[in-house]
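Here's a walk through one protein model, going from the whole chain down to a few single residues. Have the coordinates open as you read.

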Amino acid sequence: MITPLISKKTLCSRSSLWLSYPMNIASFIDHTVLKPEATLKDIEQLCTEARQHHFFSVCINPYWITSAKPLLTDSDVKICTVVGFPFGATLPQAKAHETIAAIAAGADEIDMVINIGAALEGHWHFIEHEVHDVVTQAQGRVVKVILETCLLSPEQITSACQACVRGGASFVKTSTGFNISGATIDAVKIMRATVGEKIGVKASGGIRNIADAQAMIAAGASRLGTSAGVAIATGGNGSSSY
């Protein structure tokens, strides 16, 4: 098995946030299956691959948390799940309750979608408060906030990141993978420049090979969401749209 590594030059050009990560690129990856037609067989394969390659986490829909939990026992792979996914248009109270239920089921990390319509209207206080509600219910667990950057202008990406930081988010994240496009270098750079060095940036959507992964990390990503984790970890090229 080929194990692509992040170059020392790339790591050393970063702050201590990146220097704290192992050099194996697999440790950046949230190995992802979020398609609605996923079955138990898909989840079993995902967890097997995550254990084999030592990905940071599996990212799955909430229904599958209890199935994934025993498959990852005695491993270092975390379970990440989604809230308000994929549209972000549910009420804040619903996102908070989803978070409570996901944690009760065994989730280690939460990826929530902001209310994109509210963001386009410039309702940043609303975004801040819905993020804060989820962060509160996450009880200290990592919360990554999906902005759907393909729908936002650079100025709106900046404002959304600022609202997420005020709301207590652990990460800002580019994309659901269910809209017109995924992560871009420009969006990741804006996000990193806005949140600084202590908040994570997750690039997701369209990351299919080691070159894509390295480019996102060089732009400022500290986590990668992709269903092509195995291809990336073995030097191949994934074909999935996510």
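## Ground rules

Buried here means under 20% relative accessible area, exposed means over 50%, and partly exposed is anything in between, with a 1.4 Å probe and protein chains only. This is a predicted model, with local features needing pLDDT of at least 70, side-chain atom pairs counting only at pLDDT 80 or more, and totals for chains, interfaces and linings using all residues. Residues are numbered from 1 along each chain as its sequence is written, and side-chain values use heavy atoms, with hydrogens and water left out.

## The whole chain

The protein has 11 helices and 8 strands; these are DSSP runs numbered from the N terminus, where helices are H or I with at least four residues and strands are E with at least two. Of its 242 residues, 52% are buried.

Contact means heavy atoms within 4.5 Å. Take the contacts between residues at least 6 apart in sequence: 65% of them join residues at least 24 apart.

## Helix H7 and what covers it

H7 runs over residues 124-138, which is 15 residues. From first C-alpha to last it reaches 21 Å, close to the 21 Å expected at 1.5 Å a residue (the expected span is 1.5 Å times one less than the number of residues). Its buried residues are Trp 124, Ile 127, Glu 128, Glu 130, Val 131, Val 134, Val 135 and Ala 138. As background, an α-helix has 3.6 residues a turn, so residues three or four places apart point the same way.

The cover over those buried residues includes helices H5 (92-105), H6 (116-120) and H8 (154-167), along with strands S4 (109-113) and S5 (142-146). Just past the end of H7, Gln 139 has a positive phi of about 55 degrees.

Ile 103 sits in helix H5 and is buried at 12% relative accessibility. Setting aside neighbours within four places in sequence, Ile 103 contacts Gln 137, Ala 138 and Arg 141. Ile 103 and Gln 139 are 36 residues apart in sequence, with 9.0 Å between their C-alpha atoms.

## H8 against H9

How do H8 and H9 pack, in angle and axis distance? The angle is about 40 degrees and the axes are 9 Å apart, with axes being lines fitted to C-alpha atoms over the stretch in contact, and angles running from 0 to 180 degrees between N-to-C directions. That makes H8 oblique to H9 (under 35 degrees is roughly parallel, over 145 roughly antiparallel, 65 to 115 roughly perpendicular, and the rest oblique).

On the H8 side, Pro 154, Ile 157, Thr 158, Cys 161, Gln 162 and Val 165 meet Ala 187, Ile 190, Met 191, Thr 194 and Val 195 of H9. That contact splits into 8 nonpolar, 3 polar and no charged residues; Ala, Val, Leu, Ile, Met, Phe, Trp, Tyr, Cys and Pro count as nonpolar, Asp, Glu, Lys and Arg as charged, and the others, Gly among them, as polar.

Thr 149, in the loop between S5 and H8, is buried with a relative accessible area of 5%. Not counting residues up to four places away in sequence, Thr 149 touches Ile 157, Thr 174, Ser 175, Gly 182, Ala 187 and Met 191.

Gly 182 belongs to the loop between strand S6 (171-173) and H9, and is buried at 15%. Beyond its neighbours within four places, Gly 182 contacts Thr 149, Ser 175, Ser 204 and Gly 205. Lys 189, in helix H9, is partly exposed at 48%.
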